[in-house]
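Subject: Structure handover

Hello,

Here is the structure we spoke about. Please open it first, then read my notes below.

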Amino acid sequence: GVSSDMVTPSSNRWSSGNMEMSYEIDTLHLITASISLSKQGADCDQRSADRSFVLPSGNNLYAYNSIKSLKNRSSYVEGGIDYQRTFRTKDRMLTLSYRIEDGVPDEDALTRYYDREADDDWTDFLDNLRNQYVSGEDRTTEHIFQIDYVTPFAKYHTLEIGGKYMLRINSPVYDKYYPADGDGTEDVYDPDNSSHYRHRYG
């Protein structure tokens with residue numbers, strides 16, 4: 001049989017803010033801008049007691065305790081700036097816009113194993129349970145450029161012309177380490193189970 005008991009206390013935080021502004025150069029030219037920010041985080045410690053045992057005697061094949069310390073962080077920024085040009089011709093307008101969105105979720109996790117015990121057939125299994133630290137980030141940035149032009153056409157019509165270009169960059173990072181045991185050795189980086197990518201769309 002197998003049993004696992006887990007306790008997970010946690011704490012959470014969140015904050016945000018935004019700002020808008022505008023500047024009228026003159027009656028025909030207007031610049032507006034806005035930005036919003038948000039951050040959140042959560043910490044928790046997952047404490048677990050695991051064992052495998054023989055039925056019906058209940059004798060352990062192996063048993064160990066572990067603690068996994070998790071730190072989750074994320075930040076999000078959204079901003080933009082617009083330039084509006086009106087004309088002396090009624091309802092004619094040119095608008096240039098730029099938008100940026102940037103999101104950075106990341107997670108750090110440290111797992112440590114202790115109080116291990118096993119019979120002779122299971123010692124190799126427990127030896128493979130190494131303390132480990134992983135750090136991951138999945139950043140996505142999006143840029144949007146847009147132009148719009150509106151003008152009256154003939155007597156009862158309106159002509160609208162516009163274009164948009166979007167550039168998205170995704171940069172996931174995942175690093176895995178085996179932490180030092182406090183004996184003066186350094187953390188060991190695991191390149192085979194780590195990855196760094198950069199994807200560009202647009």
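First, a term: a salt bridge is a side-chain nitrogen of Lys or Arg within 4 Å of a carboxyl oxygen of Asp or Glu. Next, the ground rules. This is a predicted model, in which local features need pLDDT of at least 70 and side-chain atom pairs count only at pLDDT 80 or more, while totals for chains, interfaces and linings use all residues. Residues are numbered from 1 along each chain as its sequence is written, and side-chain values use heavy atoms, with hydrogens and water left out.

Strands are DSSP runs (E, at least two residues), numbered from the N terminus. Buried means under 20% relative accessible area, exposed over 50%, and partly exposed in between (1.4 Å probe, protein chains only).

Salt bridges

How many salt bridges does the structure hold? There are five.

One joins Asp-43 and Arg-13, at 3.5 Å from N to O. Asp-43 is in strand β3 (residues 29-53) and Arg-13 in strand β2 (residues 10-26), so this bridge ties together parts that are 30 residues apart in sequence. Both ends are partly exposed: Asp-43 has a relative accessible area of 23%, and Arg-13 is at 40%.

Arg-99 bridges to Asp-82, with the closest N and O atoms 3.1 Å apart. Arg-99 belongs to strand β5 and Asp-82 to strand β4, so the bridge ties parts 17 residues apart in sequence. Arg-99 is partly exposed at 32%. Asp-82 is buried at 15%.

Arg-139 and Asp-102 meet at 2.8 Å, N to O. Arg-139 is partly exposed at 35%, whereas Asp-102 is buried at 12%. There is also a network: salt bridges that share partners join Arg-13, Asp-43 and Arg-73.

A lysine without a bridge

Which side chain of opposite charge is nearest to Lys-176? Asp-190 is, at 4.5 Å. Lys-176 is buried, yet has no salt bridge. For charge, Lys and Arg count as positive and Asp and Glu as negative; His and the chain ends are not counted. Lys-176 is in strand β7 (residues 157-178). Beyond its neighbours within four places in sequence, Lys-176 has contacts (heavy atoms within 4.5 Å) that include Gln-132, Tyr-133, Val-188 and Asn-193.

Aromatic rings

Rings of Phe, Tyr and Trp (its six-membered ring) pair if their centres lie within 6.5 Å; planes under 30 degrees apart count as stacked, over 60 as edge-to-face and the rest as tilted. By this rule there are 10 aromatic pairs. Tyr-64 and Tyr-113 have ring centres 5.7 Å apart and planes at 70°, so they pair edge-to-face. They link distant parts of the chain, with Tyr-64 in strand β4 (residues 60-86) and Tyr-113 in strand β5 (residues 93-118), 49 residues apart. Tyr-64 is buried at 13%. Tyr-113 is buried too, at 19%.

Trp-122 and Phe-125 are edge-to-face as well, with centres 5.7 Å apart and planes at 85°. Trp-122 is partly exposed at 31%, and Phe-125 is partly exposed at 33%. Ring pairs link Tyr-62, Tyr-64, Tyr-113, Trp-122 and Phe-125 into a cluster.

Best wishes

Definitions and conventions. Helices (H or I, at least four residues) and strands (E, at least two) are DSSP runs, numbered from the N terminus.
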